[in-house]
Amino acid sequence: MGGTKKNCMEPLNMDMNHPDNNISFSNKKGCYISRLAIFFLFVLFLCSVAATGFLVFYYHSEVKFAFEEVKEYLGLMGQSKDYTLEEKTNLISSTTMKMLTEDPGRVFPDLSSTVAYSEPEDDVNIVDFVPVTDEHYLDSSTETNTEIPLDEVGEKSPSASSSEVEAETLAHDIEMVQPELSSIISSSFSPEVDRRSLRLPRALKPVHYLIRLQPFVNGNFSVRGYLEVEIEVLEETSNVTLHIADIITHNETVILRKLQDFGNLETLVQRHEFDAKREFYIAHLSQPLEKGSRHLMSMEFEGYLNDNMKGFYRSTYEDADGSQKFLAATQFQASDARRAFPCFDEPGFKATFEIYLAREEAMTTISNMPIVETTPMFDQDGWVWDRYNTTIPMSSYLVAFAVSDFASMNETNENWMFRVWARESALDQAEYALSIGPKMLSHFEEFFKIPFPLPKLDMIALPDFAPGAMENWGLVTFRETLMLYHPSTSSAYNKQLIASVTSHELAHQWFGNLVTPQWWTDIWLNEGFASYVEYIGVDHVEPSFQMMEQFVLERIHRIFQMDSLESSHPIRHDAENADMIAYDKGSSVIRMMNHFLSDATFTRGLNNYLRAFQYANAEQDDLWHHLTVAAHEDQSLSSNLTVKTIMDTWTLQMGYPVVMVLRSPDGVMATVTQERFLQVPPRSQNSQVVGSHSYRWWVPLTYTGRDSSDFTSTKPRSWMSPSNDAITLRGLPPHDQWVIFNIQQTGFYRVNYDVNNWKLIINQLMANHSVIGTINRAQIIDDSLNLAKAGHLPYAAPLSILRYLVAEEDYVPWAAALNNLSYLKRMFRSTPEYEVLRKYLLSIILPLYESVGFEDSTDDPLLSQYKRQKGLAWACMLEHHDCLNKSVELYRMWMAHPKNNSIVSPNLKSMVYCRGIQEGGEKEWQFAWQQYLLSNVGSEKEQLLSAMGCTRNQQILLRYLEMAFTTDSGIRKQDTKRVFRAVASNPVGTSMAWNFIQENWNVIYDFFDKIVIDLIKASTKDFNNAQDLQQVHVFVEQHASQLLEHKLDVQQLLENVHNNLSWMNNYYNVIVKWLNDNGFSRSNTN
Ligand SMILES: [Zn+2]
């Protein structure tokens, strides 16, 4: 084969200046092998071929292994300890690894660069799971308002804390856009790279991979790898191109053989090329590959367990006895499988994978499939090979493996085994996940009407993990806080989050794994579906959680904010990473479709689609087709209308409509129109009609009236098409009876009415609100407050509606109200009239505070616990003395008895910790820090991290901020953003956080090795004066080239500040006047 044969009696002369060797792997030298050892090796090798090769041959019988001769691999590269000569001799690879030789022709990426960056890129691109709810939804103990970073799903539930928490949805602070802002940004940025140019050529497709990896988890973190990939030639081609990144290999080890009946012929590789930008390895061949032929490419490579939480990476934790332990795990979505092994790293290239993982005997490995056999490694004492069953056809981003000393528990039925893995000292916290996971998996088998196709499913809680969780087929990976639940420490919301994330990832086993998007433009289908179906899964296992009611809060109300920006984007768009639009709007429009089609049609069409494309790839039109066929068969959709016609208006254009219902004087008729809803009233029609595009949707109209109110039927009574300027509805009740549109808010639109109908609705709410369905009460609150914010309705209307809350007992309408009121509070925060608003808000909150009581009861229904949590948190946030005193008292009691876990109820921890620290000083803060270091429970650590940002002591706050960006400070890099947001949402810390970014831009960039746009968003989201806006403009212009990749985010954050300004100009005085007119003033004692 291409390489220079070495005399094994000679030391391997590694040129330490050569780029190949310019890596930190220790002991990477020396060939001290004896002839005897070689002989031994050869014998052992033959055994190896017999044992391990069998499987390969069975899979593709023509394949000849690439190791016709023994290649001693003496790099010992993975070892960091000092070995004796004998040990070194024994370390000779028993695998197919070949000699690492000098290779002047090498054009592969230099591993030294890999080794050099030790700073993690915290933001791994894909985050599978976007937080369904921010804890601030539930908990206003801190003014969190965090924007949920698209890529940081994992942090989704900031139990945020800062001295003023606000229940704010992530996007609540983002409003609409002003055209000139976009142009400022656009002019600063150069054209973006066309993503399509980054795609692999279509001439080849992988059929089967064989991958061997030996990660030195307890050594110097190197990985020895060997790859074989069987390739089918679809079109004649003279090169083989695949993805590779952060890996080195050697030209001479790359071999390409034609697979045929009468022996395998090698095709010469004339030239090797590495395209760093596109992360391509390209083998230029001496002759073209014939269409229809099959070939086997093999190569050896070296990788590295990075600490960037992407690709194949390392993680660490402290064991119960205080010793430091290491593990290795993977995170591949969207395009990081190529960092673990060379591959065709696009979702459309499905293939089977046959994986071998080497480990030390004391460790365990897990991967997508079960282990077939474990065999000792030749002469490598203490090491074994785990060989895995070949997978079914799958995309590379769903491959996964982990090497750890974790412990596990399992539950088994006749079809599959379900296991949970965690640090041994935290394994008991995985009991809840194990109690719900198998039930959900079984339920999804029924829901999708397709059995789970693998013999087992593992879930593992990782101490360092960038996304929230990842749905790798048969091996789901989680952040600890999203899988581990400690009954006496974790809050009810933690429990719901674990149920939701588990359900989401299990739903992906079908939607995403079995049928996969052809390309990332359709990633929203994966995420939208999983985000919708997760509610169905949780509802099945935990019906008391009332997940279907929570959906409108967690998904629709939240994304309504972001999607009412002019700088929003369509659900389907060309981006590798799914963002909140994909998760929240995606799930919302799928829910809408479920309701207009009916459950029966929806599930049947879905099942047909999954069966048609299982083990393959699909696009959204494929799904629309199968749903249309089912809908026409069931007559749930008119024969001249298709699902595609309707859904294209929701997925291919951004935004959503507000539907205006104008009733006739006698009330029995209504004229209904639609227009795009924007958070700031458009100054021209430009936002409604862009170019030749007019913003109109297919709108399913559902409604009910006072005469025969029915809040259960969600079947459309009429459709409004994009071509209708207006439609007329007849048969409505007389003018003294209300009508309410958008039953259960199943349609993704807001509704506005004429004044008379609003009055009727308000009167009904005041007289007997329970006549109107719970979800619709939340809808009316959210719609009316946002219609007022956008200038469609006088603020007096929603503020009058809120008066009925005194009688409201349900959580969902309360949460809808408070999530919106937090915007008013944040805008007023630094103004002279804040005190007046505070009195008004207290007048709303105090009845709730009194009714829920300060004593928590974890036996109450979940939503009652949430309601209490919210009521108390708001009272404390509004500085209600009784609440503050009780919180501080509890915190002090806990300080006196730190080991007593029952002093602070899990649901009140976030509030009590925050207020205890806010009202205290250094001593209180240090106590929290010590508890953070000592805790073995992830959710407790998160609560404390957020609460430590509540201090009013500026010195402590600044020190804390600096610690977050200091390696080894005790704060994990995955938590840096949480700390930053806690500081930024503290009124004392907002400008500190913003200054920190401006002054430490390069430090932060180096720390994350990339731009972290969320930090800028978090620190600027409440800016609402001209000076602030100017500062942000200057900052953005100064860093325009670096911010290029985040053009859309930058537009959104600028638009947000601009909108805050508009809002202040338009409504601040209006609201002050309303407050004064209604008895709230600076002087009175309300
Ligand atoms: Zn997902």
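Guide: The model is predicted, with local features needing pLDDT of at least 70 and side-chain atom pairs counted only at pLDDT 80 or more, while totals for chains, interfaces and linings use all residues. Residues are numbered from 1 along each chain as its sequence is written, and side-chain values use heavy atoms, with hydrogens and water left out.

Visitor: What makes Cys876 and Cys883 a disulfide?

Guide: A disulfide is a pair of cysteine sulfur atoms within 2.5 Å. The S to S distance for Cys876 and Cys883 is 2.2 Å, so the pair meets that rule.

Visitor: Why is the disulfide of Cys876 and Cys883 called left-handed?

Guide: The torsion about its S-S bond is about -105°, so the disulfide is left-handed.

Visitor: Why does Cys876 count as buried?

Guide: Buried means under 20% relative accessible area, exposed over 50%, and partly exposed in between, using a 1.4 Å probe and protein chains only. Cys876 has 0% relative accessibility and therefore counts as buried. Cys883 is also at 0%, so Cys883 counts as buried.

Visitor: How do you know that Cys914 and Cys950 are joined?

Guide: Their S to S distance is 2.1 Å, to be set against the cut-off already given. The torsion about the S-S bond of Cys914 and Cys950 is about -100°, so this disulfide is left-handed. Cys914 lies in helix α21 (residues 909-919) and Cys950 in the loop between α23 and α24 (954-964), so the pair ties together parts that are 36 residues apart in sequence. Helices here are DSSP runs of H or I with at least four residues, and strands are runs of E with at least two, numbered from the N terminus. Both Cys914 and Cys950 are buried.

Visitor: How many disulfides does the rule give, and what is the pairing?

Guide: The count comes to 2 disulfides. With the bonded cysteines of the chain numbered in sequence order, the pairing is 1-2, 3-4.

Visitor: Why is Cys343 called buried?

Guide: Cys343 has a relative accessible area of 0%, so Cys343 is buried.

Visitor: Which residues line the second largest pocket, and what is their make-up by class?

Guide: A pocket is an open set of points on a 1 Å grid over the protein atoms alone, with protein on both sides within 12 Å along at least five of seven lines; lining residues have an atom within 4 Å of a point. Here the lining has 43 residues, and Thr316, Tyr317, Asp464, Gly970 and Arg972 lie nearest the centre. By class, 14 are nonpolar, 14 polar and 15 charged. Ala, Val, Leu, Ile, Met, Phe, Trp, Tyr, Cys and Pro count as nonpolar, Asp, Glu, Lys and Arg as charged, and the others, Gly among them, as polar. β10 gives the most to this lining, with 5 residues.

Note on methods. 1 Å grid on protein atoms, 1.4 Å probe; cavity = no way out; pocket = protein on both sides within 12 Å on 5 of 7 lines; lining within 4 Å.
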